[in-house]
Amino acid sequence: MVAAELLSQHFELGFTYTRSTGPVVGKFLTGLREGRVYGVRGSDGRVLVPPAEYDPLTGAALGEFVEVGQQGRLLSWCWVSEPREAHHLQQPFAWAMVQLDGADVAMIHYLEAPSAEAIRSGARVGISWAAEREGFITDIRCFTLLEGAAP
Amino acid sequence: MREIAVVAYSQSPCVADAGATNEVELIMPQLQAVYSQLGLASAQDVDFVCSGSCDYLQGAAFAFVAGVDALGAVPPIKESHVEMDAAWALYEAILKIRMGHADSALIYGFGKSSPGELPIVLSQRLDPYYLAPLWLDTVSLAALQARLLLDQDLVSERDMAAVVARSRRNAMDNPLAQLAGEFSIEELLAEEHFVAPLRRADCCPVSDGAAAMVIATVEQARAWGAPYARITGIDQRIENHNPCLRDLTDSVSTRQAAAAAGVHRGPVDVAEIYAPFSHQEILLTRALGLDDSTLVNPGGGVLAGNLMMASGLSRVGEVFRRIVDGKAGRGVAHATSGPCLQHNLVAVLEGA
């Protein structure tokens with residue numbers, strides 16, 4: 001049997017409109033554009049980064065912003081030895097859960113590192129900013145390991 | 001409250017690539033199978049139909065509507081859909097029957113995952129501002145969770161390999177399974193890491209297929225004369241969509257759902273746990289409060305074959321089957337949805 005030729009059609013999946021990101025997500029993304037990282041204080045006093053619009057415990061609207069540090073501690077990581085086409089780093093890299101200094105919860109982003117052996121949980125990492133920032137989460141290009149820092 | 005029973009169930013084999021077979025063609029054999037178990041002619045013979053699927057797999061809004069072609073919706077039927085695993089379609093159908101709006105319901109779930117890159121497709125269901133733009137895939141998310149468990153000595157890589165070895169062995173008796181065989185823990189640990197700390201065997205395979213089920217009031221089940229298993233408890237709980245705002249080393253929502261469903265009101269002979277990654281089976285077994293007296297995933301579970309949007313319904317179906325086959329008196333089925341076990345459903349089934 002001869003394999004049937006498959007018909008194909010280009011199709012871009014996406015929104016055909018733009019929308020405001022609102023006062024909470026917008027504050028965070030605008031901060032990234034300026035090279036700053038903002039969290040929001042939750043009802044239990046924890047600083048949540050990236051900020052949540054509504055309190056994870058009570059559901060109340062949140063709005064007390066707190067600027068946090070640009071370095072932090074690696075809470076968890078995994079090593080992607082074969083990056084997928086969609087991934088932003090095309091050399092082997094790690095995904096990282098990073099708790100920034102001044103934040104009480106972690107955030108997930110890329111971690112650029114020479115090898116899995118160079119990484120250990122608890123390591124100090126810092127933000128590497130994108131060359132051009134436009135108010136997206138990708139304004140953080142990735143995290144990188146801070147040399148000589150004790151865990 | 002009206003007593004509700006599972007009366008029929010069927011699942012397709014889990015295959016890596018269903019080829020040119022489309023979604024409707026995946027669903028139809030399963031519908032025919034449950035009709036024939038009850039002597040029904042078509043969907044016209046039940047009061048309500050509810051399906052579960054994921055439009056992201058087909059990459060088009062309202063793609064699930066095409067699945068209705070498998071039912072033949074003329075003359076008109078009462079029909080609904082959840083953009084979730086069909087275990088939640090079962091939940092909706094149970095509410096419909098409890099409210100007295102139906103005495104019977106057909107539920108089906110389907111997923112043809114092979115045309116896309118499933119871990120990347122599912123990344124687009126994450127938070128649209130903070131996570132989806134990163135293309136954070138499902139395997140990597142699970143690997144971050146596994147690292148937390150390993151770092152805290154809550155699970156070891158050997159424990160994870162033992163889960164895989166048991167799944168593959170159990171699947172040898174399951175003709176619908178995609179992955180089966182005899183593997184030693186040492187053999188599995190000798191494999192290279194995939195997304196470290198996960199090895200490929202720690203991750204469920206990507207599968208195409210469908211499952212269908214019929215539920216009814218116990219009165220209707222008796223009228224049909226088919227063997228049935230009563231659903232004596234069901235509950236579902238969801239946690240924060242941001243994985244970092246949850247304790248990923250536990251599943252609080254599973255604990256809550258298990259308590260509300262009454263898991264511990266009797267012995268649990270069998271448990272079907274929807275754990276797409278090996279460490280999650282250990283975590284969920286603990287969250288469900290199960291011990292060695294419970295047989296877990298006797299058909300290999302989803303590590304042996306994972307039908308997106310149908311595997312949760314199949315967990316309920318597999319417990320039903322063991323009960324009506326006389327192999328278990330009381331069992332627990334678990335379904336999950338979302339990144340790192342965000343949303344969990346627990347059902348308790350008991351013999352007639």
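Me: What does the radius of gyration of chain A get set against?
Reply: The radius is taken over C-alpha atoms, and the globule rule is 2.2 Å times the number of residues to the power 0.38. For 151 residues a compact globule would come out near 15 Å, but chain A has 19 Å. Its C-alpha atoms fill a box of roughly 65 × 45 × 30 Å along the principal axes. By the way, this is a predicted model, where local features need pLDDT of at least 70, side-chain atom pairs count only at pLDDT 80 or more, and totals for chains, interfaces and linings use all residues. Residues are numbered from 1 along each chain as its sequence is written, while chains are lettered from A and ligands numbered from 1 in the order in which they are written.

Me: What makes up the secondary structure of chain A?
Reply: Helices (H or I, at least four residues) and strands (E, at least two) are DSSP runs, numbered from the N terminus. On that basis chain A has one helix and eight strands, in the order α-β-β-β-β-β-β-β-β.

Me: What share of chain A is called buried?
Reply: Buried means 20 or more other C-beta atoms within 10 Å of the residue's own, with C-beta atoms placed from the backbone; 12 or fewer is exposed, and in between is partly exposed. In chain A, 34% of the 151 residues are buried.

Me: How is chain B divided into domains?
Reply: The bounds come from an automatic or database domain assignment. That gives domain 1 (4-117 + 206-224), domain 2 (119-200) and domain 3 (232-351). The C-alpha centres of domains 1 and 2 of chain B lie 28 Å apart.
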